[in-house]
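Me: Please take me through the local features of the structure shown below, one question at a time.

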Amino acid sequence: MIQLIRGFKDILPGEVERWQQIEKIAASRFEDFGFKEIRIPMMERTELFARSIGEDTDIVEKEMYTFPDRKGDLITLRPEATASVVRSYVQHKMFAKDPVQKFYTIGPMFRRERPQKGRYRQFYQINVEVFGVASPLIDVQLIFMLVTLFTRLAVADLKAHINSLGCPACRPNYRAALSKFLAAISNKLCSDCRRRRRRNPLRVLDCKVPSCREVLAEAPSIIDYLCDYCQEDFAKVQEFLKKLQIPFLVDKRLVRGLDYYTRTTFEIQTGSLGAQSAVAGGGRYDGLVKMLGGPDLPATGFAIGLDRLAEVAEIRHSEFIRMPDLFVAALGEQSQDKAFEWICQFGRQGLVAEMDFEDRSLKSQMKRADKIGATHVLIVGDQELQEGAVILRNMLTKEQTLIPIKEVVDRVKTYIKREAQ
Ligand code: ATP
Ligand code: MG
């Protein structure tokens, strides 16, 4: 038997309805806030991710699925969506019409991480991006939208962690202070961090190795190094989160696993997930549009981990699992042919109708109707065809109704729809 690839998974009927509900609720919430859906490809030139996410990040260093296509060009299965959305915004010069554009997109991402609970190699994200707005109020709006969406989806024990990563004016000062600190403790760092320390010291803060995390507790905090502008910006974020009554926590060690972030950065965590507690992460990435060949326009956004969200959203999805409305039990070849025509017509009319294609006994067909949870059964045999009427049985109430064959599709539909009200 061929099994699926390690770190990949199937989302089966029964569970998939939960995903559909979440996606539907999220999309409509984003549309309420003026976002439009965008769909981007699953593969891009490797260069796009290497340049935007950053060469020294875990993602680019060791997690990307990269391979040469048949002509030798290096392509990569997307590990995240932002780079592609920015590429699309720049490539189609969407800024020319209006620099302010708001997008959301939903789909799979690929990272070759160590598989464990809440961590897969193909996982799903819901992404939101805003271009052309420099005001920190838009960051507040994103966090507000996220937290209220999670509340709507009944995610328990929510916490918004926020931090500021400064800007090109003030980050170098912090970088220098952090480098100095890291140089002094470098013998306590893991080998990856020892290398990162020289090339990109901020990355060290994101290291997941416990011994690194421990020594980093003493590291200088970026908040103490923010320039006036960034300080004001971050203060405004906090002021408005309070106004909107969104509880948050300033987390000085919060950096993101990607290089392009500036100023406000955030993560939504939930206590119900165990070790993989981050259910969404995001922040401002003002330099990325320019870096990818567009004008110097600000941008901000977030990504929700849909696999983790599906695990903690307490929505009742069973009511969205559709049961058959109707089972057509047909006896004899003629009736079978008729039944087949009917189930096709029922499907077109929006009723889920099933039949048995094997011409088994009435008893075994009734058993099957019961097994698949059909709420009604339509019984048809030679005699019914001759008399021009069939019996519709409600499986729950056992009530039976005689339906003229001539109008069977319309009459059954009206009957079942009326009952459902
Ligand atoms: P983590 O710290 O958990 O590794 P990250 O910083 O790598 O997350 P982002 O790149 O910011 O994550 O992606 C946003 C969200 O996508 C995360 O908060 C998480 O919910 C989800 N996510 C990231 N990687 C995975 C994965 N391998 N499997 C499942 N979900 C993931
Ligand atoms: Mg990660």
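The questions and answers below concern a predicted model.

Me: What is the volume of the second largest pocket?
Reply: The second largest pocket has 24 lining residues. Among those nearest its centre are Arg-171 and Asp-259. The volume of this pocket is about 510 Å³.

Me: Which element supplies the largest share of the lining of the second largest pocket?
Reply: Four elements each give at least two residues to this lining: α7 (171-184), α9 (201-204), β9 (262-270) and α12 (288-291). The largest share is three residues, and the element that supplies it is α7.

Me: How many residues in the lining of the second largest pocket are charged?
Reply: Sorted by class, the lining has 11 nonpolar and four polar residues. The charged residues in the lining of the second largest pocket number nine.

Me: In which loop is Asp-359 found, and what is its relative accessible area?
Reply: Asp-359 is another residue that is not a glycine and has a positive phi, here of about 55°. The loop that holds Asp-359 runs between β13 (353-355) and α15 (362-371). Asp-359 is partly exposed, with a relative accessible area of 40%.

Me: Where does Arg-256 lie, and how far is it in space from Glu-55?
Reply: Arg-256 lies in the loop between β8 (248-250) and β9. Arg-256 is buried, at a relative accessible area of 13%. Not counting residues up to four places away in sequence, Arg-256 touches Arg-203, Asp-206, Tyr-261, Thr-265, Phe-266, Glu-267, Gly-281 and Gly-282. Arg-256 and Glu-55 are 201 residues apart in sequence, and their C-alpha atoms are separated in space by 14 Å.

Me: Which residues does Leu-146 contact, leaving aside its neighbours within four places in sequence?
Reply: Leu-146 has its place in helix α6 (residues 136-152). Its relative accessible area is 0%, so Leu-146 is buried. Between Leu-146 and Glu-31 there are 13 Å in space, C-alpha to C-alpha, for a separation of 115 residues in sequence. With those sequence neighbours left aside, the contacts of Leu-146 are Phe-266, Ile-268, Ala-280, Phe-302 and Ile-304.

Me: How far apart in space are Met-109 and Pro-79?
Reply: Met-109 is placed in strand β5 (residues 101-110) and counts as buried at 1% relative accessibility. Beyond its neighbours within four places in sequence, Met-109 is in contact with residues including Arg-78, Pro-79, Glu-80 and Ala-81. Arg-121, Gln-122 and Phe-123 are also among its contacts. Met-109 and Pro-79 are 30 residues apart in sequence, and the C-alpha to C-alpha distance is 4.9 Å.

Me: Where do the buried residues of α14 sit around the axis?
Reply: The buried residues of α14 are Ser-335, Gln-336, Ala-339, Trp-342, Ile-343 and Phe-346. Because they cover an arc of only 125° around the axis, they lie on the same side of α14. The face turned away from this buried side carries the exposed residues Glu-333, Gln-334 and Arg-348.

Me: Which residue just after α14 takes a positive phi?
Reply: The phi in question is about 90°. The residue that takes it, just after α14, is Gly-350.

Me: Which elements do the buried residues of α17 pack against?
Reply: Helix α17 (residues 408-420) has 13 residues and reaches 18 Å from its first C-alpha to its last, close to the 18 Å expected. Its buried residues are Val-408, Val-409, Val-412, Tyr-415 and Ile-416. Their arc around the axis is only 140°, which puts them on the same side of α17. They pack against β12 (326-330), α14 (333-348), β14 (376-380), β15 (389-394) and β16 (400-404).

Notes
Residues are numbered from 1 along each chain as its sequence is written. Chains are lettered from A and ligands numbered from 1 in the order in which they are written. This is a predicted model: local features need pLDDT of at least 70, side-chain atom pairs count only at pLDDT 80 or more; totals for chains, interfaces and linings use all residues. Side-chain values use heavy atoms; hydrogens and water are left out. On a 1 Å grid over the protein atoms alone, a cavity is a set of points where a 1.4 Å probe fits but cannot get out, and a pocket is an open set with protein on both sides within 12 Å along at least five of seven lines; lining residues have an atom within 4 Å of a point. Grid points are joined across faces, edges and corners, and a volume is the space filled by probe spheres set on the points. Ala, Val, Leu, Ile, Met, Phe, Trp, Tyr, Cys and Pro count as nonpolar, Asp, Glu, Lys and Arg as charged, and the others, Gly among them, as polar. The expected span of a helix is 1.5 Å times one less than its number of residues. Buried means under 20% relative accessible area, exposed over 50%, partly exposed in between (1.4 Å probe, protein chains only). The arc is that of the directions from the helix axis to the C-beta atoms. Contact means heavy atoms within 4.5 Å.
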